[in-house]
Structures are given as C-alpha cells and as structure tokens.
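Hi,

Here is the structure I said I would pass on.

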Amino acid sequence: MSMEKKRPQLNLTELYQLKWILGGVLAMLSAWTVLYMDVEAWLWLALTTAVTPVVMRWPVLTLYVPRWAHRLAFPLFVALFAADYYLNREPLPAMIRLAMMLVLYRAVTPRKRRDDLQLIILGLFLVVVAGVLSVSLVFAVQIVVFTGCALLFLMVINLIDSAETGQPAVEFSASAPPAWMHVEWMRLARRLHEATDWRVALLSSGLFGGVVALSALLFFALPRFDIGNSFFLDNMITKQSKTGFSENVRFGDVTDIQQDTSVALRVEVSDRRAIPAELYWRMLVLDVYENGLFSVSTELADQMRQQKRRVARILGSSRPRAGDAVWTFYLEPSTTRYLPMLGSFFQTNFSGGPQDYAINDELRMLRLEKVPAKMFAYQVDGMRIEDELGPVEVVQSRDVMPLYRDVPDDIGNRERPPARMPDFLKLSLEPADLAKVTEWSRELATHPGGAKMFARVACDWLATRHTYALQMKLEAGDGDPLVRWMNSNTPGHCELFAGAFTLLARGAGYPARMVTGFHGGSWNEGGNHLSVRNSDAHAWCEIYDTASLRWVRVDPTPGAALPGQVAAKETTEAVLARIQDRSWNARLDAVRMFWYRRIVDFNQNSQAELARDAKSAIESYARGVKAVLNERLKTIGEWLSRPWDVARFAAWIFVVGAAFGLVLGWRYYGRVLWLRWRSGMTRKGADPVRREAGRWLRKLEMLGGAKEGGERAAVRAELERLRYGPRQSWPSPQGAFRRAKRACAAKPANG
Amino acid sequence: MSQSAPNPARARANGPASHAGDGGVTGWQSAYGRPEKVRSHRWRAFMWSLVYPYRGNRLMLTLPGGIVIAVAMGIAAAAYNTANNILFIALSLLLACLVFSGLLSWVNFRNLAWRLRVPPPLRAGRDHAVTVELHNGKRLLPSYGVWFEIAATGEKKTARLPLRGRLDAQGATTLEWTLRPAARGRLSVEVMSAASLFPFGFLKKLVGSQLKREVLVWPAPVEYQRSPVASWHQPGGVERAMRAGQGGDLLALRGYARGDSHRLVHWKASARLRRLMVRQYAAETQTGFSLWMRTSADDWARPEQFELLCSLVATMAEDLFRAGRLMSVAFDGEAPIPVRRMHDLERFLDRLALVKPTVQTYESSDATVSVRRANVLTFAPDGARGVIAYVDGEKAATA
C-alpha cells in the first residue's frame with residue numbers, strides 16, 4: 001500500500017461552482033471589449049460588470065427570476081435589436097449590443113450545456129469584433145486570456161459530464177436550490193488548492209504557453225493570398241473623427257485634443273537622417289473664419305477631388321530621388337480621415353488594401369472617404385519636407401468624380417454656377433471688428449519686405465501682447481471673440497494665435513489660411529519610431545508670398561521659429577536626442593508598435609520576407625557552427641601533430657585520468673553527497689533519499705512484484721528500509737540504488 | 001486501489017484478450033497497444049496508424065467540435081477575404097486549440113491500461129458484477145473522463161462505464177457493471193472500446209478494444225415443490241460415501257500434513273514406509289440420488305419447457321449436493337458421472353448451460369433404470385409448461 005498522501009478530488013458540487021464562476025469571468029471578459037471598441041453599449045457593460053459578480057457570489061438569486069421573464073427574454077431582445085437598428089441604422093453596433101444583452105442574460109441565469117456553449121460563442125464574437133474594429137494590442141491580451149478561460153471552462157463542463165453520466169437530472173427551484181448554489185469562495189479556493197498538483201498545473205500552463213506559441217507559428221505560416229478586398233465590418237460602423245481634425249474647428253477644439261496624451265500617430269522612417277528638426281504634420285487647411293468658427297469653404301472643399309476608383313497605391317506630385325526615405329505611418333483609429341503628411345510625396349501605399357480617397361496636390365492634402373475605424377497604416381515614398389509650398393513637380397492626371405456643378409441640371413436645363421476659387425483674403429467680420437483688424441494690419445504692414453517680413457512683425461506683435469497658455473478665459477463682451485482676444489492681453493493657445501495671424505495677414509492683403517495637424521513628436525528608441533501624441537495637435541498658418549509664389553509656413557504661437565529665421569544646424573543624433581522619450585509609456589508604445597508593424601501589418605510580402613530571413617538566419621547559423629567546428633578540429637589536429645614528449649604525454653594522461661576520476665567520483669560519491677546535502681536541507685517528509693527509494697520501489701512494482709527472485713526481494717527490502725525505515729538503519733543509499741538499477745535492468749528468471 | 005500494476009510494455013505485447021487468466025480476468029490492454037510488430041517499430045507503426053487507423057480507433061466530431069470547426073471556417077473565410085490579421089490571429093488560436101485538444105487527449109490515454117474481469121459462475125436471471133480494471137501508468141499526469149463501451153451477447157444495447165473522477169498517476173480503479181444474463185448458454189462479454197471527450201469535448205476519441213471474455217451461464221434457479229415420497233426421508237439411510245469425511249470406515253492412508261491429529265497416525269504403515277502416514281476415514285452420507293437427464297427432442301418439443309427442465313435439474317442438483325445426497329449425474333445414454341467434489345458439480349452445470357434437445361438414439365426405459373440403480377431422479381414434461389421429477393418412477397417434485 002502506498003504511503004503517499006492522496007490528493008482529494010473536487011466533487012460534483014465544487015465542479016459546478018467552478019463552472020459557474022468561470023462562466024461569469026468569461027461574460028465579464030467579453031463585456032469589457034466595449035471599453036476599447038468605441039460602441040455605445042455602456043449600459044450593458046455597466047449592468048454586466050455590476051450584476052455578474054453578484055450572481056457569481058450568490059447564484060441562488062438567479063432562481064428568483066420568474067418563468068415568464070425567461071419566456072419573454074428572447075422576444076424582448078429581438079425587439080430591442082430591431083428598434084436599435086431602426087433608430088440608428090447601424091447594423092454592427094446593434095449586433096454588438098444584442099450580443100451584450102445575451103451575454104448578460106446567460107451570465108445571470110442558470111445555464112445548461114448548450115447555454116455554456118452559447119456564452120463562449122457570444123464572447124468570442126465580441127472579442128474578435130472588438131479586435132477587428134480596434135486593432136488594439138489589448139485584443140492580443142484579451143483573446144489569450146479569453147481562450148485560456150474558455151478552455152478551462154470547457155474542461156470543467158466535460159468533467160461534469162463525465163461525473164454525471166447515467167445519473168438522472170435533478171429539477172430545482174428557488175425553494176429547493178441545488179447544493180452548488182451555495183458558493184463559499186474561500187472554501188472552494190482551499191479545495192482547489194488541495195486538489196491541484198502544482199506540477200500538473202505548471203505543466204498545463206506550459207502547454208498553454210505552447211498553444212500560444214503554436215498559434216503564433218501558425219499565424220506566420222498560414223499561407224496568405226492577396227485577394228484584395230475590404231473588410232465588411234468597416235462598412236457596418238461609422239466613426240467620427242476628433243473634432244479638431246474635421247472640416248469645422250471651433251476655438252478650443254484643437255486644445256481639447258491636446259489634453260489627451262495618448263498616441264495618435266506612429267511613424268517609422270527607413271533612414272533616420274531624413275527626420276527634420278521641426279516636424280509639422282499637415283492634415284487640413286481651413287480658409288473661412290466666421291463667428292469663432294474656422295471651416296473649409298465650399299470652394300476649397302471642391303478642390304479636394306474625390307477619385308472614382310479605389311486604389312491601394314497613389315502617385316503623388318513629387319519626383320522620386322535616390323536615397324529617399326520610406327515613411328510608414330500607423331494612424332490610430334478614429335483620429336481623422338485626413339492623412340498627416342510633411343509635404344508632397346512620390347507615392348503612397350495603403351496597407352489595408354484599396355481605399356476610396358480624395359486628393360489635392362497643391363494643398364498637399366490626402367483624405368480618405370471615412371474615418372478609419374481601426375488602425376490605418378500607409379507607406380509614403382519620396383516625401384518632401386516642405387516649409388514652403390510651391391507649385392507641384394509632377395502634374396498627375398486623375399480620374400476624379402464629377403462635382404455636382406459639373407453635372408448638367410436635367411430639370412429645366414438650368415446652368416449651374418461655375419466652381420470658384422477659394423478666397424484667402426476674405427474677412428467675414430462685423431464692421432467694427434473689421435475696422436480694428438484693418439487698423440492693426442496697416443500698422444504692421446508698414447514694414448517693407450513682403451509677406452515674410454509681415455509674418456515676422458505680426459508674430460512679434462502677437463507675442464508682445466499675448467503669452468501662450470493652454471487654458472484661457474476670454475472676458476465676455478460684444479463682437480467677434482477672436483478680435484476681442486486680439487484686443488486684450490489675455491494669454492492664448494495655438495488656435496487663437498493662428499486665427500489672429502490669419503486675420504492680420506488678410507487685413508494686410510496677404511492671402512493666408514489656417515492649417516491643423518500635429519507639431520513635433522517624440523523619438524522612441526526602443527521601437528525605432530516617432531510617436532506623435534494627441535497632445536501634439538497644433539494649428540498654424542500659411543501665408544502666400546507673392547515674391548516666391550509660395551505658401552510660407554508661419555507658426556505664430558510663441559516659441560516657434562519664424563519664417564526666414566535660421567535655426568542652429570542640428571545633427572540627426574542631436575535632434576533625436578532632443579526629442580527622445582525614455583518613459584515607461586514609450587516602452588509600452590514600442591510593444592504596440594511591434595504589434596502594428598509585425599502582426600497587424602503582416603502580409604504576403606512580410607511572409608515571404610520572414611521566410612527569407614529565417615532561411616538566411618539558419619544558413620548563417622549553420623555556417624557559423626561549421627566554421628567553429630572546423631576551427632576546433634584544426635586546433636586539435638595541430639595539437640596532435642606536435643611532437644610528443646614525456647611531459648605532454650603525462651599531461652594528457654593526467655587530463656584523461658582526472659576526467660575519468662571525476663565521472664567515477666560523481667557516480668560513487670557525488671550523488672550520495674548531493675542527496676545527503678539535500679536531505680539535510682529539505683523539510684521532514686520530503687527527504688530526497690526516501691523519495692528516490694520510493695521511485696525505485698515503484699519501478700520494481702511495475703516490473704511485477706509477484707514473481708521476483710531472491711536478489712530482487714533483497715533489493716526491495718533495502719529500498720523499503722530507505723523509504724520507510726529510521727535513518728540510523730539505512731544501508732548505503734547509493735549502493736542500494738545501484739543494485740535497484742541492476743535488478744530492474746536484469747530480465748526476470750521466469751521470463 | 002492498490003493492485004498489482006500492469007506492465008504497459010507487456011500489456012502491449014499481450015494485445016488481444018487472454019482467455020487463460022484466472023478468475024475470469026483477461027489480460028491487460030493499453031490504449032496504443034497493438035500487434036507485436038509495434039514494439040520493434042513503434043514510430044513506424046504510429047505513422048502508419050495515422051494513415052490506416054487500427055480497427056475501432058475513431059475520432060468523431062461532437063457538437064462543440066462542430067461549432068468550433070464551423071467558427072474556424074467562417075473566420076478563415078473572412079480572414080482570406082479581407083486579409084485581416086486580427087482574423088488570422090483568431091483562426092490560428094482556434095487551430096492551435098484543436099491541436100492542443102488532440103495532444104491532451106493523446107496524453108490522457110497514454111499509458112492507460114485496462115482489463116476485463118467477469119468472475120464466474122454466472123447464472124441466468126441473477127445480477128453479476130462485471131468489472132473493468134483501469135490503471136494509469138503515467139508517472140505524473142492523471143487521466144480523466146474515460147469511459148468504456150461494454151456489451152454482452154443478448155444485451156440490447158451497449159453499456160457505458162464511466163470514470164467519474166480523476167485517476168491519479170500510477171493509480172488504479174475498477175469500473176463496475178451489473179450484468180443479468182437473460183438465458184443460460186455461452187455468453188460473450190466484450191469491451192468494445194474506450195472513449196473520451198477529454199479535454200474540451202471537441203472530438204470523441206474512441207480506442208478500439210479487443211478484450212473479450214466468454215463465460216458459461218448456468219441455468220436460472222427455479223422454485224420447485226417436493227412431493228412427499230419415501231425416498232426423500234429414507235430411515236436409517238446412512239451409508240458410506242466414497243469421499244473423505246468423519247465417518248467410521250477407513251477410506252485410505254495418506255501422508256501426514258501439518259495440522260493432522262496425532263491420533264490419526266497409522267504407526268504400522270508409518271514404520272513400514274518410513275514416513276508418517278495418517279488414516280483417512282470415509283464420509284458418511286444419507287441415501288444418495290442419481291440424476292439422469294434425458295434430452296430427447298421428442299419429449300421436450302417446447303423450448304421454454306426444456307429451459308425449465310434445465311433449471312429444475314440444476315437447482316435440484318445443487319440442492320442435493322449441498323445436502324450431500326447427490327451421487328452421480330448422467331445425460332441420456334452416457335455413463336453416470338460420480339459427483340464427489342464441487343468441481344464435478346460445476347462440470348455438470350457447465351454441461352447444463354449448453355445442453356440442447358437431442359434426437360433419441362438409444363433405447364431406454366424407466367424399468368432399465370430401476371434395474372441398474374435405485375434412487376434415480378428422472379424428469380418428464382408436466383403438461384404444456386411444467387416439469388415433473390420422478391424418483392424411481394414415483395413423482396418427487398414439480399416445477
């Protein structure tokens with residue numbers, strides 16, 4: 001009879017409790033996907049998060065739900081789904097909310113086997129949809145945790161099925177709840193601890209790690225075909241861009257974005273020398289100012305020509321040059337549909353496949369049809385870093401959609417008004433305000449030197465009257481808020497400076513416009529990329545210089561370089577050192593960048609590249625090993641070919657003898673010493689000698705104890721003494737184990 | 001739980017069920033144990049088994065497995081259609097889970113050995129425990145959720161013997177099945193397969209089993225009524241039996257064995273043979289009966305009546321043996337077989353288990369019997385259903 005303590009087993013009640021808890025955990029994990037899915041399902045999220053732990057603790061509460069409520073549940077859910085779809089006209093959010101309702105229902109009602117399966121499927125749906133919509137790194141963590149929980153859940157269900165085979169089903173009610181509904185968490189945790197063999201748990205965890213590793217391998221190895229289609233889920237949900245990056249910008253919108261320190265854009269550059277000292281990521285040009293609102297005029301909007309065909313590659317307006325860097329952008333979801341650029345480009349490739357887009361080469365603007373609902377990656381070749389926007393290098397012929405003005409009016413053959421050019425000199429102000437602006441502009445325009453000089457003077461003028469502040473409070477009063485601010489000494493933010501400069505320039509007769517985008521960014525050394533955060537959102541201006549026939553960038557916000565101002569020449573290393581970010585957030589961001597770069601952006605080309613890399617790495621390693629081996633063999637050959645004398649021979653004998661002695665010493669004494677040392681260290685009951693003896697006893701038992709001969713019986717007696725006897729009566733453990741090994745290896749006499 | 005552990009290597013080598021085991025037990029069979037060739041070319045056999053699975057080894061898709069595969073196919077279709085890597089991740093994870101499931105299922109069955117125990121004797125109409133002994137030969141990992149499909153000839157459907165809990169490494173357990181044979185005869189009990197849904201229930205894994213045990217089912221005992229004939233209560237009918245006992249007549253001499261009384265030592269014989277010899281006395285018994293079963297198909301045209309005959313004969317034979325009054329038994333024209341030991345009775349019951357109505361090929365009559373021996377029990381049909389037992393032509397019992 002074995003002396004080993006037997007581990008207890010979980011009984012059926014405890015298995016049911018475990019299943020119930022795992023089901024609740026799965027439900028909450030699924031519901032929490034809403035946190036990063038950006039779908040309005042907060043009510044269901046809050047309900048699930050609040051109610052599920054309660055019913056996990058007191059499952060008996062679920063029995064108090066009347067039967068009619070269960071009968072009504074599904075018709076109610078279907079009605080809610082139909083109403084949701086009818087009101088919002090968005091199928092995917094409605095489906096997500098329906099799935100949330102069902103998850104909540106399944107989490108808080110007693111479940112049969114099929115209900116458990118339904119819970120897993122609903123959870124998987126939510127996790128995968130959230131991953132597809134957000135392309136977030138959280139998805140990777142969540143799906144791994146979800147899979148682990150789901151597998152454990154399925155295993156417990158399976159164990160329950162095994163334990164219940166052939167047993168009649170028991171009906172229960174609120175008055176007579178089943179025993180498992182009285183959950184005692186601490187007791188269950190204790191029982192779990194007792195029933196779990198840590199070695200098996202460790203092995204299982206290792207195996208699950210193997211599953212994750214295998215899935216990674218499968219991910220990279222699954223053959224990819226470039227079918228070239230867009231994902232249908234994208235079309236089932238509408239996203240709004242951040243208000244500061246849309247066609248209408250009210251004062252404070254850009255600064256609102258600046259409160260958010262999350263990363264909006266990551267940029268990978270093939271050649272870091274291409275990174276300029278000042279980074280102005282242009283996105284959107286605004287030309288109209290009215291009543292505190294900057295917007296895009298119809299005329300300017302008409303210049304953004306929507307293209308007829310969806311393409312994955314766009315040719316830009318600049319020529320390629322040798323040594324051009326490749327810029328890969330990873331735009332976070334829901335940021336904007338205007339793609340940030342530093343200037344004109346040779347070509348842009350969309351990683352997500354063909355897209356609907358609009359482009360204006362003169363404005364250096366590229367716009368997608370919709371705000372990307374997930375991370376959007378695009379690669380730009382031959383991008384020019386332009387402080388001043390001149391005429392385009394290459395005029396591309398584009399297949400544009402006709403504007404409504406270009407289409408003849410069928411009704412009454414009326415002629416449409418012709419498309420007009422945007423007016424960058426227009427000032428839509430009240431007369432009093434206009435007069436003030438004109439007066440200031442005249443004062444400033446007295447200096448000769450053209451637009452650039454005016455820009456400097458105007459920036460100085462603004463800087464002397466106002467300081468920079470992210471938060472500002474403009475005093476109440478009549479008239480235009482921007483003019484009131486200009487008339488005051490109140491600090492202001494970038495939008496106010498840019499807006500004021502635009503008004504001043506126009507008042508002085510210089511065409512000017514406001515540009516929104518990002519300014520700056522930080523260099524992530526770990527991820528080898530630039531991180532641009534939402535807090536880098538910025539507004540600046542462009543003024544038209546009639547002398548050079550170029551639009552010159554002017555950043556009137558205090559602290560920025562003025563046009564024509566020559567900054568000290570910085571090396572790339574100095575620039576990167578200046579903007580380097582070493583914080584923990586940056587390290588996490590490097591992981592996120594890896595996720596985007598290697599996982600989300602993985603495609604057919606990456607797969608081929610990976611295969612090539614793997615092949616070359618293996619070949620290189622094999623070459624290295626071969627070279628090392630050759631080197632060693634050569635050394636040995638040289639050593640052997642040297643003349644042998646007594647000293648060398650003696651040294652050789654000594655080395656071989658020492659090695660042999662070491663092996664023998666370990667065999668005969670080392671193991672004994674090690675076991676003795678361990679036995680002195682370990683606690684009572686876990687003596688390694690006793691454990692080793694037990695192991696050999698089990699081996700002998702396996703070989704058939706009944707028919708053993710005399711020698712084996714003697715060995716057994718010795719081992720039993722080591723296993724169970726007092727330490728004083730022990731024979732030499734090493735000798736006993738050696739004899740046990742011999743006895744196990746020997747064939748029994750009776751065959 | 002502490003039984004002699006099977007050697008998995010030997011269990012594999014044994015392969016099919018051994019019928020030579022004692023106590024109605026077969027040899028061990030392991031999950032991946034197969035013909036003898038496997039031992040020397042295990043890997044090759046394993047690879048071949050992937051192409052040509054062994055008989056009875058099957059993988060069947062369950063509902064959750066079907067759902068997982070359908071979901072995986074749906075995700076794969078969407079992933080390839082859209083080249084969306086998130087979907088490829090989900091697909092990879094699902095595929096890896098399927099592989100993981102197969103691996104755990106393989107581990108669960110690994111080094112698992114079982115054998116069938118059908119302890120004789122079996123009687124028709126009585127409950128008997130048939131057990132499958134299960135041993136987990138793994139060194140570390142337990143086994144879960146295994147069940148055995150077991151069937152017996154005449155049973156309408158296979159029974160399922162589940163392992164309800166955990167079977168620890170190096171542990172053993174028995175799974176019990178209550179079998180009630182419907183009729184006498186030869187009964188075959190077979191473990192059809194070992195199966196499991198472990199770990200996640202995606203696939204039902206069936207491992208073919210070749211464990212089979214054939215046993216004889218003795219006739220069912222019946223209630224019968226004895227008639228008050230003289231032979232049952234014969235006065236002074238103590239006679240010497242030809243077996244060892246506590247009677248007064250010397251039966252034989254035998255060698256001394258430890259525990260024998262010194263009074264029994266036969267000193268003369270011991271001196272002559274130069275080793276201790278003891279006296280062995282004959283047992284005394286009441287008047288014995290001989291049992292003669294005639295199986296003529298002419299007499300026993302109705303099968304159910306013949307079955308009743310067998311049951312009555314078996315019951316009376318056992319009753320008489322217990323009372324020490326069964327002298328011999330005979331079938332039809334065969335010579336009577338003396339019944340001295342339990343083994344003789346069991347052989348008779350074994351024959352009863354298989355006996356069938358035969359075409360009469362010999363001359364016999366009650367008169368002949370009575371001439372040859374007294375107290376002979378014979379049997380005859382009683383109407384359409386019953387059976388009557390006669391002692392020397394006198395009605396002795398009915399059933």
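**The hairpin in chain A**

Cys541(A) has Val554(A) in β18(A) as its bridge partner. Before I go on, this is a predicted model, where local features need pLDDT of at least 70, side-chain atom pairs count only at pLDDT 80 or more, and totals for chains, interfaces and linings use all residues. Residues are numbered from 1 along each chain as its sequence is written, while chains are lettered from A and ligands numbered from 1 in the order in which they are written.

Back to that pair: β17(A) (residues 537-545) and β18(A) are antiparallel and joined by five bridges. Helices and strands here are DSSP runs numbered from the N terminus (helices are H or I with at least four residues, strands E with at least two), and two strands pair if DSSP finds at least two bridges between them. β17(A) and β18(A) make a hairpin with four residues between them, and Leu549(A) in the turn has a positive phi of about 55 degrees.

β18(A) also runs antiparallel to β13(A) (residues 388-389), with two bridges, and there Leu389(A) sits opposite Trp551(A). Four of the five residues of β18(A) (residues 550-554) are buried, so the strand is largely enclosed by the rest of the structure. Buried means that 20 or more other C-beta atoms, placed from the backbone, lie within 10 Å of the residue's own.

**Two helices in chain A**

α1(A) (residues 12-31) and α6(A) (residues 113-134) pack at about 25 degrees with their axes 9 Å apart. The axes are lines fitted to C-alpha atoms, for helices over the stretch in contact, and angles run from 0 to 180 degrees between N-to-C directions. The two helices are therefore roughly parallel (angles under 35 degrees count as that). Among the residues that meet are Gly23(A), Leu26(A) and Ala27(A) from α1(A), and Leu119(A), Ile120(A) and Gly123(A) from α6(A); contact means C-beta atoms, placed from the backbone, within 7 Å.

**The sheet in chain B**

Chain B has an open sheet of seven strands with mixed pairing, in the order β14-β23-β22-β21-β18-β19-β20. Its edge strands, β14(B) (225-226) and β20(B) (337-338), each pair on one side only. Inside the sheet order, β18(B) (residues 289-293) and β21(B) (residues 376-382) pair in the parallel sense over two bridges, and Ser290(B) has Val376(B) as its bridge partner. Helix α7(B) (residues 303-322) packs on the sheet, and its direction makes about 40 degrees with that of β22(B).

Cheers

Definitions and conventions: Angles under 35 degrees count as roughly parallel, over 145 as roughly antiparallel, 65 to 115 as roughly perpendicular and the rest as oblique. Two residues are in contact if their C-beta atoms, placed from the backbone, lie within 7 Å. A residue is buried if 20 or more other C-beta atoms lie within 10 Å of its own, exposed if 12 or fewer, and partly exposed in between; C-beta atoms are placed from the backbone.
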